[in-house]
Each structure stands twice: as C-alpha cells, then as structure tokens.
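Subject: Structure handover

Hello,

Here is the structure I said I would pass on. My notes on it follow below.

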Amino acid sequence: MSDLDLTISDRIQHKLDDLTRAERQLAHSILENYPASGLGPLSALAKGANVSVPTVARMVQKLGFKGYPEFQSELREELKAKVKNPIAKHDTWAERAPSEHLLNRFTDAVIDNIRHTLGQIEPELFDKACAMAADPERHLYIVGGRITHTLAEYLFLHMQAIRPQLTHIQSTSNAWPHYLLDVNQDDVFIIFDMRRYENNTLKLAEIAHEKGAKIVLFTDQWRSPVHQLADISFSSRIVAPSAWDSAATPLLLVETMISTVQNLTWGDTKDRMEALEDMFDQTKLFRKFT
C-alpha cells in the first residue's frame with residue numbers, strides 16, 4: 001500500500017522506530033490531539049511539543065511530505081473526512097467511481113480495509129483486551145451509539161452466553177448515567193465510536209475513566225476523541241464506495257474477540273451454553289426436526 005493510502009497517523013506509527021528522541025516526542029504530541037494539533041503555525045507545533053522548529057521540518061520530510069504546507073494540507077483533508085455526512089461520502093465516491101460493478105469495488109475496498117487494519121494491530125494488545133473482556137471478576141460494560149449500537153448488540157448477545165457480570169449501554173439513551181452508578185475501579189468498558197463521534201459517548205467515557213474503569217475502544221482510522229481516555233484502541237479502516245461507512249472490518253475484530261474470549265473461558269462458557277440450550281428447548285424457541 002502506498003503512502004497516499006495512509007493517514008498521517010498511520011505514517012507516524014510506521015516511522016516511530018526510525019525517529020530520533022525529539023522527533024518521537026513531537027510525534028506523540030501530534031497524536032495527542034490528532035489531526036487538529038498540526039493545523040496551526042509550524043512554530044506553534046514546535047513550541048507545544050517542546051522541540052525545535054528544525055525538528056518539525058525534519059520529521060515532516062521523514063513522513064513523506066515536501067514541507068510543512070503539504071503536511072498541513074493533508075491534515076485538513078483528513079479533518080474534512082472525519083466530519084463527512086452520508087451525502088458528502090456518497091458524492092466523493094460517485095466522482096471517483098470506476099466503471100466496474102459495485103459488488104467488486106465494494107469487496108475490494110473491504111478487503112483492503114481489513115488488510116490495512118490488521119497490519120496496524122499489535123496481537124499482544126488484542127490478546128490483552130480479550131483477557132480483560134474475559135475476566136469474570138470485572139463487570140463488563142458494552143457501549144454503542146446511533147449506528148454502532150448494532151456492533152455493540154452483536155458483541156453483547158454473544159457475551160451473554162459466555163460470561164456473567166455484563167451490561168449493555170446505549171449512549172444515545174437518556175438513561176445511560178444510571179448505569180454508571182455502580183461502576184467500580186478496573187471494570188471494563190468496550191466502547192464503539194466511529195466518525196461523526198457522539199458527545200454522549202465521550203462524556204460517558206470520561207465518567208467511566210474518572211471512576212477508574214478500563215476502556216477498550218473500537219474506532220475508525222481517524223480515531224474518536226475517546227482514544228485519549230482508552231487503555232487500548234483498535235482503529236479500523238471503514239471507507240467504502242457508499243454513503244455509509246463499512247462495518248465489515250470492526251465486525252471482524254468483534255467476532256475474533258468473541259472467539260478468543262470463548263476459548264479463554266471455555267470451561268464455564270460451555271456450562272452456560274448448555275444451560276441456555278436447555279432453556280431454549282423448554283421454551284421451544286427453535287424448531288427441531290428430530
């Protein structure tokens with residue numbers, strides 16, 4: 001994949017090991033409030049990161065830009081992309097759409113999203129997030145928003161069969177503050193927040209963080225503001241030839257998490273699933289052919 005396909009955040013992550021100490025300090029400063037952090041004058045960015053102006057110029061070139069103006073121009077484009085509404089997304093794709101069938105174009109986009117996303121994820125962090133989600137000593141809260149509640153519900157439904165101590169919260173509900181009354185330190189919040197990030201979700205995350213809860217965030221390539229509070233973040237590429245973003249990549253991560261947590265807790269999970277199947281039989285929920 002070429003640098004043109006990468007966000008500046010992606011480029012920084014790829015280059016971290018090649019940066020000097022001062023450049024890494026600058027990189028982390030940019031990522032703290034990304035992408036808005038680089039929209040001011042070069043001297044302001046250098047001062048905010050406590051590095052020299054030449055350090056900024058060198059790192060910008062290491063990221064593949066001719067100079068600071070080109071770097072800023074790309075940041076502005078990313079900022080526009082973060083706030084695009086469905087109509088704007090559709091128009092962007094319509095202008096660039098090649099002639100082949102949408103089924104092929106959409107599939108190619110999803111496969112590219114998956115490959116790129118998996119290339120950015122550290123397996124050790126994913127395993128750590130799954131271990132946190134599997135820990136029966138920690139209450140697990142699952143949070144979704146207006147669109148992402150579908151991913152949250154999917155994860156919640158499976159986790160119900162896997163483990164106890166579980167709560168599903170919709171940040172779009174006026175009742176979500178009630179759920180936070182009983183949050184304890186080291187409880188776990190799995191939060192879904194994709195672009196057009198929701199104010200309720202951020203406020204919920206802030207309160208959970210203040211209470212000492214751990215946050216695992218599923219977000220997009222531009223990263224929800226919740227990432228600044230999260231202990232672990234997974235950024236998925238979600239762009240597709242549609243007015244709507246694609247949920248295929250985050251769903252892949254969710255299903256992988258479900259499988260991992262199930263394996264970590266299989267002894268207890270098997271007992272729960274057998275009890276659940278017995279209740280299904282009693283209620284005749286599913287049709288049987290034997």
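How many helices and strands does the protein have? There are 13 helices and five strands, where helices (H or I, at least four residues) and strands (E, at least two) are DSSP runs numbered from the N terminus.

The model is predicted: local features need pLDDT of at least 70, side-chain atom pairs count only at pLDDT 80 or more, and totals for chains, interfaces and linings use all residues. Residues are numbered from 1 along each chain as its sequence is written, and side-chain values use heavy atoms, with hydrogens and water left out.

Overall

The C-alpha trace spans about 70 × 50 × 35 Å along its principal axes. Taking contacts (heavy atoms within 4.5 Å) between residues at least 6 apart in sequence, 71% join residues at least 24 apart.

Cores

A nonpolar core here is a set of buried Ala, Val, Leu, Ile, Met, Phe, Trp, Tyr and Cys residues joined through side-chain atoms within 4.5 Å. The largest has 32 residues, and Ile-142, Met-159, Ile-190, Phe-192, Phe-234 and Met-257 have the most contacts inside it. Two or more residues of this core come from each of α8 (123-134), β1 (140-144), α9 (149-162), β3 (188-192), β4 (214-220), β5 (232-236) and α12 (248-264). A second, separate core has 21 residues, among them Leu-26, Ala-46, Leu-63 and Phe-71.

The axes of α1 (residues 8-15) and α2 (residues 21-32) come within 11 Å and cross at roughly 150 degrees; axes are lines fitted to C-alpha atoms, for helices over the stretch in contact, and angles run from 0 to 180 degrees between N-to-C directions. The two helices are therefore roughly antiparallel (over 145 degrees). Ser-9, Ile-12 and Gln-13 of α1 meet Ala-27, Ile-30 and Leu-31 of α2. By class, this contact has four nonpolar, two polar and no charged residues (Ala, Val, Leu, Ile, Met, Phe, Trp, Tyr, Cys and Pro count as nonpolar, Asp, Glu, Lys and Arg as charged, and the others, Gly among them, as polar).

α2 also packs with α3 (residues 42-49), at about 105 degrees and with the axes 9 Å apart. These two are therefore roughly perpendicular (65 to 115 degrees). The contact is made by Gln-25, Leu-26, Ser-29 and Ile-30 of α2 and Leu-45, Gly-48 and Ala-49 of α3.

Two residues

Asp-10 lies in α1 and is buried, with a relative accessible area of 9%. Leaving aside neighbours within four places in sequence, Asp-10 contacts His-116, Gln-120 and Arg-237. The C-alpha atoms of Asp-10 and Gln-120 are separated by 8.0 Å, at 110 residues apart along the chain.

Leu-166 is in β2 (residues 166-170) and is buried too, at 19%. Beyond neighbours within four places, contacts of Leu-166 include His-139, Leu-140, Ile-142, Phe-156 and Met-159.

Regards

Methods:
Parallel < 35°, antiparallel > 145°, perpendicular 65-115°, else oblique. Buried < 20%, exposed > 50% of the residue type's maximum accessible area, 1.4 Å probe, protein only.
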